[in-house]
Amino acid sequence: MSNHGENTEYGQLSQPDGRAVTPQPETLPLRLNVNGVIRQLDVDTRTTLLDALRENLHLTGTKKGCDHGQCGACTVIVDGRRINACLTLAVMHQDEEVTTIEGLGTPDNLHPMQAAFVKHDGYQCGYCTPGQICSSVAVLKEIEAGIPSHVTHDLVSPPQMTADEIRERMSGNICRCGAYANILAAIEDVAGGERR
């Protein structure tokens, strides 16, 4: 038996006449610095950062792959760190700086990583490429900042720019076309040359 206003089956509320009514979603104002532009939104509190970027701001470069944080297609850079945009709520990033693939470069002025992906054919179908590139840019900054990975042997010294370091750090970004060798070559090119 359900009383007025109490939850019944599937999160619905009941009216005094017994009709079930689904409550309206709660929205909050959100302010993000996306690719250097301040954007103001009102979003459902359940909206992921990925959906806010794609559906609200129409920045469709960031891809929805698995929607479970397992493929990396949705990787963006938030306050300098890479994250899976499908695993975080947009409202958790109030006033933060978000960089998507659209913010890294343009067709007439490519980011060095974008140019390296073209040079080394680091893409096939292209679906995962935006996430791969955002992740690659952040990987180089992680290594430069001295952040260790699971394959870093010496935790006291700065990590070395090795193929194993890069592969480990990029392991969260899946390329179903199998362009991994070319992606590694592109990252190594931007890092300053071939290292093995």
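How many bridges join strand 5 to strand 6? In this predicted model, strand 5 (residues 75-78) and strand 6 (residues 81-84) run antiparallel and are joined by four bridges. Thr-75 has Asn-84 of strand 6 as its bridge partner. The two strands form a hairpin with two residues between them, and Asp-79 in the turn has a positive phi of about 50°.

Salt bridges were then examined. The count comes to nine salt bridges. In one of them, the side chains of Asp-95 and Arg-31 meet at 2.9 Å, N to O. Asp-95 lies in the loop between strand 6 and strand 7 (97-99) and Arg-31 in strand 3 (residues 27-34), so this pair ties together parts that are 64 residues apart in sequence. Asp-95 is exposed, with a relative accessible area of 52%, whereas Arg-31 is partly exposed at 36%.

A salt bridge also forms between Asp-189 and Lys-119, with the closest N and O atoms 2.9 Å apart. This pair links distant parts of the chain, Asp-189 being in helix 6 (residues 180-191) and Lys-119 in helix 3, 70 residues apart. Lys-119 counts as exposed at 60% relative accessibility, while Asp-189 is partly exposed at 27%.

In the salt bridge of Arg-46 with Asp-44, the closest N and O atoms are 2.6 Å apart. Arg-46 is exposed, at 59% relative accessibility, but Asp-44 is buried, at 18%. A network of salt bridges links Arg-82, Glu-142, Glu-165 and Arg-169.

On the surface, Leu-110, Val-118 and Tyr-123 form a nonpolar patch with about 240 Å² of accessible area together. Tyr-123 is located in the loop between helix 3 (112-119) and helix 4 (129-144) and is partly exposed, with a relative accessible area of 31%.

Methods: Residues are numbered from 1 along each chain as its sequence is written. This is a predicted model: local features need pLDDT of at least 70, side-chain atom pairs count only at pLDDT 80 or more; totals for chains, interfaces and linings use all residues. Side-chain values use heavy atoms; hydrogens and water are left out. Two strands pair if DSSP finds at least two bridges between them. Patches are made of residues with over 30% relative accessible area and no salt bridge: like charges are joined within 9 Å, nonpolar side chains (Val, Leu, Ile, Met, Phe, Trp, Tyr) within 5 Å. Accessible areas come from the Shrake-Rupley method with a 1.4 Å probe; for residues, only the protein chains shown count as cover. A salt bridge is a side-chain nitrogen of Lys or Arg within 4 Å of a carboxyl oxygen of Asp or Glu. Buried means under 20% relative accessible area, exposed over 50%, partly exposed in between (1.4 Å probe, protein chains only).
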